[in-house]
Amino acid sequence: MSDDIKISKTFDLKGLACPMPVVKVSKGIKDVEVGDVIEAISTDPGSLTDIPAWARTTGNEVIKTEQDDKVIRFYIKRNA
Amino acid sequence: MDAKTRDDLLGLFQSKLNEAMHFYLETCTRCGVCTEACHVHASMGQVRYIAAYRHEIIRRLYKKHFKARGKVWPSVGESKELTEMALDELYEAAYSCTGCRRCMMYCPFGIDTQMLMSIAKLLLIGANAEPETLTMLADMSIEKGKSIDIFKEGFINGLKRLEDEVVAKWRQEAGEAVIPVDVEGADLLYVALAGAHSIIPAAAIFNAAGEKWTLSFFEAVNFGAFVGDPTRTKLILDRIVNEALRLKVKEVCICECGTAFRVMKQLSGKHPFTVSSITDVHARYLKEGRIRLDKTKFNVPITYHDPCQIARNGGVIDAPRYILKQLTDDFRELAPEPAYNWCCGGGGGLVALGEDTLDFRMKSSRVKVDQVRGTGATILTTACENCHTQLSNLRDHYKMEVDVTFLSSMVADALVPA
């Protein structure tokens with residue numbers, strides 16, 4: 001987990017079937033205030049293209065992506 | 001609804017009126033043969049879910065706005081004005097239909113409900129009344145096509161995390177790529193889904209078969225087709241077509257995703273490569289002796305759900321059965337004729353809409369549950385992500401004592417040296 005980012009909500013997307021990771025992030029980010037950051041944790045390599053592409057089309061921002069041996073963590077700032 | 005909006009929507013309606021569509025709109029004799037064909041009607045028993053009823057919602061608008069008798073004498077012409085209320089009816093008809101085309105098999109005239117519902121979906125897009133989740137997903141896919149150079153490196157790094165799991169299923173020689181990407185001159189381009197489960201078993205099988213393959217940067221699913229938007233459908237298809245042309249592959253192999261396969265196979269046009277379902281490819285490897293399976297791996301009764309878009313609408317019926325004969329001596333058919341199999345109830349974008357459609361999907365698919373239970377099988381396997389999700393939801397909801405699996409995963413788990 002990134003210590004320098006204040007996270008408002010975390011979404012566990014591990015093992016979800018297509019297209020639920022993006023659907024859950026898209027709906028879930030509306031639960032936090034504009035300017036807040038959510039954390040999304042995924043195991044799917046496709047999320048490394050899906051989540052940034054979704055952010056670009058919706059006006060939100062992936063401010064940091066971390067990968068380790070097991071999971072991928074996205075930190076997404078709600079801008080829209 | 002103001003006059004300009006109606007005119008714009010009627011322009012969209014007009015754009016769908018090709019020769020086949022005129023035939024579908026002019027031909028129904030209300031014989032009622034389709035009544036029991038729809039899994040929604042068979043499960044819920046409501047008239048609005050009969051295929052001919054769905055057709056009639058489109059047909060009455062057609063008569064009002066495109067036929068002389070409906071225009072001048074609406075009550076006799078059985079016509080109906082395009083209004084906000086009509087849009088609500090179009091939504092109900094289009095998004096309670098999975099586009100499985102089982103009704104088309106029964107109709108003596110072959111009226112294609114999915115095609116007629118494509119008019120409803122296009123009008124809903126024109127009125128900004130389509131499910132916004134599907135449009136959001138389609139736009140995400142299109143953006144990926146535009147910006148892939150930005151995302152490539154992260155994706156390739158992400159694949160490295162999967163390599164150990166691929167090798168655990170099939171050991172590679174040192175120095176060979178476990179999950180090759182962006183390989184110009186490869187024979188086969190594999191188009192997966194976002195999930196690791198769509199990549200790991202497939203990679204192990206390609207490697208076991210000695211295939212010269214490469215993984216696509218893009219996901220196979222076409223959300224433009226789910227939402228019924230021809231422009232978005234084409235843009236999403238073009239990403240894969242352009243990648244296949246750039247890499248000069250001979251074959252594009254679509255993962256276990258029914259709509260992705262049907263759309264790529266039937267709507268992408270003519271190209272210098274062939275389009276195959278992964279099930280076809282696995283059956284081919286078995287026939288050619290390139291892979292071999294351990295028949296004792298799954299020593300229980302197995303049944304197979306034919307995904308509508310791969311079997312009934314895509315023609316892939318024999319291949320999964322050939323594979324299953326190599327996996328088990330106790331394969332049990334779900335339906336006497338696979339082409340008449342009940343839909344799982346999750347197609348047409350309904351599964352992609354997630355929990356919003358869950359209650360309807362469970363109620364409208366009771367006949368599928370009865371069909372699975374009737375086999376006595378303890379493994380229910382399939383070759384489509386949508387079907388897998390829906391069948392897993394049905395298993396949980398109806399407490400079915402059955403494991404739901406992907407056929408490709410079973411093949412990968414049963415691999416033995418050829």
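In the predicted model, the elements of chain A follow the order β-α-β-α-β-β from the N terminus. The C-alpha trace of chain A spans about 30 × 25 × 20 Å along its principal axes. Of the 80 residues in chain A, 45% are buried. Among contacts in chain A with a separation of 6 or more, 61% are between residues 24 or more positions apart.

Strand 3 (residues 61–67) and strand 4 (residues 72–77) of chain A run antiparallel and are joined by six bridges. These two strands form a hairpin, with four residues between them. Within this pairing, Lys64(A) stands opposite Tyr75(A) of strand 4. In a regular strand, side chains alternate between the two faces of the sheet.

Contacts between the chains involve 25 residues of chain A and 29 residues of chain B. On the chain B side, the elements that give two or more residues are helix 10 (132–160) and helix 20 (385–398). Helix 10 of chain B gives the most, with 14 residues. By class, the residues of chain B that touch chain A divide into 14 nonpolar, nine polar and six charged.

Chain B is assigned three domains: domain 1 (3–126), domain 2 (132–287) and domain 3 (293–416). The centres of domain 2 and domain 3 of chain B, taken over C-alpha atoms, are separated by 22 Å. Between these two domains of chain B, 29 residues of domain 2 are in contact with 29 residues of domain 3. Five helices of chain B give two or more residues to the domain 2 side of this contact, namely helix 10, helix 12 (200–209), helix 13 (223–227), helix 15 (258–267) and helix 16 (278–287). Helix 16 of chain B gives the most to that side, with six residues. The domain 2 side that touches domain 3 of chain B has 17 nonpolar, seven polar and five charged residues.

Methods: Residues are numbered from 1 along each chain as its sequence is written. Chains are lettered from A and ligands numbered from 1 in the order in which they are written. This is a predicted model: local features need pLDDT of at least 70, side-chain atom pairs count only at pLDDT 80 or more; totals for chains, interfaces and linings use all residues. Two residues are in contact if their C-beta atoms, placed from the backbone, lie within 7 Å. Ala, Val, Leu, Ile, Met, Phe, Trp, Tyr, Cys and Pro count as nonpolar, Asp, Glu, Lys and Arg as charged, and the others, Gly among them, as polar. Domain bounds come from an automatic or database domain assignment. Two strands pair if DSSP finds at least two bridges between them. A residue is buried if 20 or more other C-beta atoms lie within 10 Å of its own, exposed if 12 or fewer, and partly exposed in between; C-beta atoms are placed from the backbone.
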